[in-house]
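User: Hey, I'm new to this one and would like a quick tour of its side chains. Can we go through it together?

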Amino acid sequence: MNTPIPATLRSVALACAQACALLAIHPAHACEGCGDDEPEASPSTTLATSGGPVRQLGLVRVNGSAPTSLPTNIPTTIEGINAAEIERHINATDAEDALKYLPSLLVRKRYIGDYNHAVLSTRASGTGNSARSLVYADGILLSNLLGNGAGFTPRWGLVTPEEIARVDVLYGPFSAAYSGNSVGAVVDYQTRMPKTFEAHAKVGVFHQPFDLYSTHERYGGHQASASVGSREGGLSWWINVNRLDSDGQPLTFITKPVSTTPAAAGATAVTGSLPGLDKSNIPWVIIGAGTQYHTVQDHAKLKLAYDLSPALRASYTVGLWRNASAGRSTSYLRDAADNPFYALAANSGTAKATPISIDGKAYTLAANDFGQGREALEHRMHGLSLKRHGGGEFDWELAASQYDYAKDLARSPLWARPGADSSGAGRIVNLSGTGWTTLAAKGIWRPVGDAHQVDFGAQQERYQWRQLTSDAGDWAAGGPTALFTAFSGKTQLRSAYAQDTWELSEQLKTMVGGRLEQWQAMGGSKTAANGTTVAYAARSETYFSPKAAIGYQASQDLTLKLSTGRAVRMPTAGELYQGGVSATGAYVPNDPATNPNLKPEKGWTTELSATWSLGAHQLRTSLFHEDTRDALYSQSSVIDGRTVSSVQNIGRIATTGFEVALQAGDLFVKGLELQASLTYADSTIKENSGFVTTPGDTIGRQQPRVPKWRATLLASYQVTPALSASYGMRYSGQQYGTLNNSDPNGIAYQAFSKFVTTDLRVRYQINRQWSLAAGIDNLNNYQYWNFHPYPQRSYSAELSFDL
């Protein structure tokens with residue numbers, strides 16, 4: 001985003017300051033040139049001290065007062081967006097919304113406040129591969145690398161939209177400073193740190209009419225945030241608090257295969273079911289909706305920074321995120337008296353399997369068909385750093401962070417509604433004590449000034465997974481009574497890296513680098529309900545990942561870049577150790593579902609890009625190729641004469657494609673901006689010894705959840721100095737959820753559909769302190785799926801005050 005500014009640095013700052021003062025716009029919402037500091041360097045364009053913009057390898061862009069922590073000196077693709085653009089263009093209720101219109105990215109956000117399935121998808125990685133991207137906030141790791149998949153999403157809740165200063169995305173594993181999880185992208189959030197006293201408050205409401213199957217309801221909620229901060233002498237501080245109260249639409253549906261068996265005489269006759277087709281076009285009946293979340297989330301963050309000298313800063317960040325949620329289900333079935341029908345109660349008062357008759361055919365309601373659940377979470381984040389940033393020959397940084405599941409309880413009954421609405425037997429899943437820590441020592445050496453820079457460092461990441469599942473006499477409020485199952489495991493990554501970036505001339509820049517990693521898995525164990533515990537041997541492996549890039553300024557307006565890098569994505573504790581215990585809690589000896597010997601994913605990614613710039617317009621085209629060996633997916637294979645389903649290595653997946661990104665300012669008329677992107681990705685399974693139903697059925701198939709075509713468009717217009725409007729569009733082509741692509745019906749529960757959605761946002765600056773915004777997401781009310789249904793047309797409004 002961030003269109004190049006065709007003016008000199010000083011004239012930009014002066015013109016912006018004069019315009020914002022004339023319009024009485026608060027500095028928090030002012031344009032980028034109004035920061036207290038000079039604009040920072042970030043990838044695309046640099047401005048000369050006089051005359052028009054001077055582009056130098058397309059590596060620098062004027063972006064405002066918050067620098068990115070990404071390695072902007074590497075000649076490769078980085079896209080970004082700043083706070084002012086987010087505020088003008090995006091109906092942002094969660095931090096991940098800032099990524100909405102960046103090229104080739106999709107976050108699987110199912111409802112406002114989605115905390116457990118909002119996976120980031122990139123060019124060659126789908127929404128089932130959460131471990132193939134990295135998300136940071138102020139240098140603190142938010143990616144959840146305890147596992148891979150829908151339940152291991154980045155901890156988006158530790159950043160609120162109001163505190164974002166900017167977000168930048170590095171596409172691909174081209175920096176040696178990041179682990180192999182960067183193979184998809186590295187997302188870097190920089191949050192606000194004031195330079196003078198400031199205070200902010202914001203309230204918002206949202207509303208969604210939802211109509212699907214027999215659910216015809218209205219869902220919504222509200223959000224409020226406040227922040228205050230200042231700088232006095234060498235001390236800067238910032239406090240941000242936020243509360244979200246959100247009701248989402250149903251995410252799951254209770255279904256039954258179509259029966260041809262006549263119902264027994266004693267079966268309860270019910271109505272209300274709906275006929276339909278599943279993702280494979282097999283007929284089924286839909287009898288209810290489930291997982292309709294009501295979530296209340298609290299966020300609090302304190303940031304402190306002290307300048308020990310003009311070039312040395314100590315920083316500390318502490319964050320707290322709490323979530324209380326309840327998931328509910330609703331039956332579509334009605335008995336003869338038109339009452340909602342669930343499974344019948346047994347003599348104990350709990351539900352039991354219940355035979356029913358639908359159109360004279362026999363069906364059975366399982367005891368837990370209409371489930372529910374409650375979660376109580378409290379997660380804490382700490383980050384500490386000491387950084388020298390003088391810009392001279394040598395700079396360095398020492399950093400440490402911790403993410404801690406201080407409390408993480410999920411409760412669910414063993415029986416269906418309505419008997420278990422208030423109490424009854426159930427289970428409690430306790431993840432308390434789970435979390436991760438990071439340590440880093442980084443250095444920058446500039447032996448001959450900015451033209452030659454060597455980045456180097458040493459890092460450690462340690463992940464600890466603890467899961468206790470216990471029986472409970474009272475699922476809703478009682479304590480654990482007996483252990484049902486337990487899993488635990490640790491992984492550790494120690495690494496050293498170096499990369500040498502050299503500007504050989506004004507037209508040519510090169511980078512070579514490498515990353516040496518020692519990975520360990522340890523402490524893996526599982527415990528069955530009978531107390532049987534199995535421990536797994538520790539593992540230790542070492543890998544080296546080279547990196548290289550070159551940038552060439554072919555002309556004043558044309559920049560060429562070529563980047564390549566190897567990435568080794570290590571298995572997570574969840575992939576290694578979960579499994580091996582049956583649904584009844586029994587230990588399964590030598591169960592291949594637990595695979596502590598999984599290989600890491602190993603792949604090479606290459607990108608060739610060309611960027612044309614003309615005034616305030618910029619067009620980038622990129623060709624990319626990713627070749628991945630031993631990709632980690634859940635699938636079937638024959639082991640010791642039996643077919644098992646587990647996380648396994650896929651021999652080879654190859655992805656080839658292109659990406660086009662356009663940025664245009666003052667297009668046709670002054671004040672009209674356009675940002676658009678188009679991505680094509682042919683991601684195909686080339687080798688695989690496993691299968692879904694029959695051996696060989698995945699070869700030549702499309703990688704799950706990676707569509708061939710994606711596109712975004714965002715048009716914004718400054719109607720008046722105080723009034724702006726934006727219109728956005730996102731498109732995704734057909735995709736599949738299975739490795740053998742046997743799910744062609746995208747418009748169904750558990751399916752993955754194509755979509756075209758449009759969004760609208762209008763913002764009005766009332767005066768220097770007050771502003772009002774309103775928006776509509778999914779304006780065209782497109783019904784689309786990513787296993788779960790996405791939100792339908794949703795309305796939002798917000799009122800902000802800035803002092």
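User: Which side chain meets Glu798 in a salt bridge?
Analyst: That's Arg761, at 2.7 Å from N to O. A salt bridge here is a side-chain nitrogen of Lys or Arg within 4 Å of a carboxyl oxygen of Asp or Glu. Bear in mind that this is a predicted model: local features need pLDDT of at least 70, side-chain atom pairs count only at pLDDT 80 or more, and totals for chains, interfaces and linings use all residues. Residues are numbered from 1 along each chain as its sequence is written, and side-chain values use heavy atoms, with hydrogens and water left out.

User: Where do Glu798 and Arg761 lie?
Analyst: Glu798 lies in strand β43 (residues 794–802) and Arg761 in strand β39 (residues 755–765), so the pair ties together parts that are 37 residues apart in sequence. Strands (E, at least two residues) and helices (H or I, at least four) are DSSP runs, numbered from the N terminus.

User: Are Glu798 and Arg761 buried or exposed?
Analyst: Both are buried. Buried means under 20% relative accessible area, exposed means over 50%, and partly exposed is in between, using a 1.4 Å probe and protein chains only.

User: How many salt bridges does a search of the whole structure find?
Analyst: It finds 39. One of them joins Arg569 and Glu601, whose closest N and O atoms are 3.6 Å apart. Arg569 lies in strand β32 (residues 558–569) and Glu601 in strand β33 (residues 601–614), so this pair links parts that are 32 residues apart in sequence. Arg569 and Glu601 are both buried.

User: And what about Asp395 and Arg388?
Analyst: Their side chains meet in a salt bridge too, at 3.8 Å from N to O. Asp395 is buried, with a relative accessible area of 4%, while Arg388 is partly exposed at 34%.

User: Switching to Asn82, which strand is it in?
Analyst: Asn82 is in strand β5 (residues 78–82), and it's buried at 3% relative accessible area. Its side chain reaches the backbone nitrogen of Ala84 at 3.2 Å and that of Glu85 at 2.9 Å.

User: OK, rings now. How many aromatic pairs are there?
Analyst: The count comes to 27. Rings of Phe, Tyr and Trp (its six-membered ring) pair if their centres lie within 6.5 Å; planes under 30 degrees apart count as stacked, over 60 as edge-to-face and the rest as tilted. Ring pairs link Tyr213, Phe253, Tyr749, Phe752, Trp785 and Phe787 into a cluster.

User: What sits over the ring of Phe484?
Analyst: The charged end of Arg427, 3.5 Å from the ring centre. The rule is that NZ of Lys or CZ of Arg is within 6 Å of the ring centre and within 35 degrees of the ring normal.

Definitions and conventions
Polar contact = N/O pair within 3.5 Å; in protein donor to acceptor, adjacent residues only side chain to side chain.
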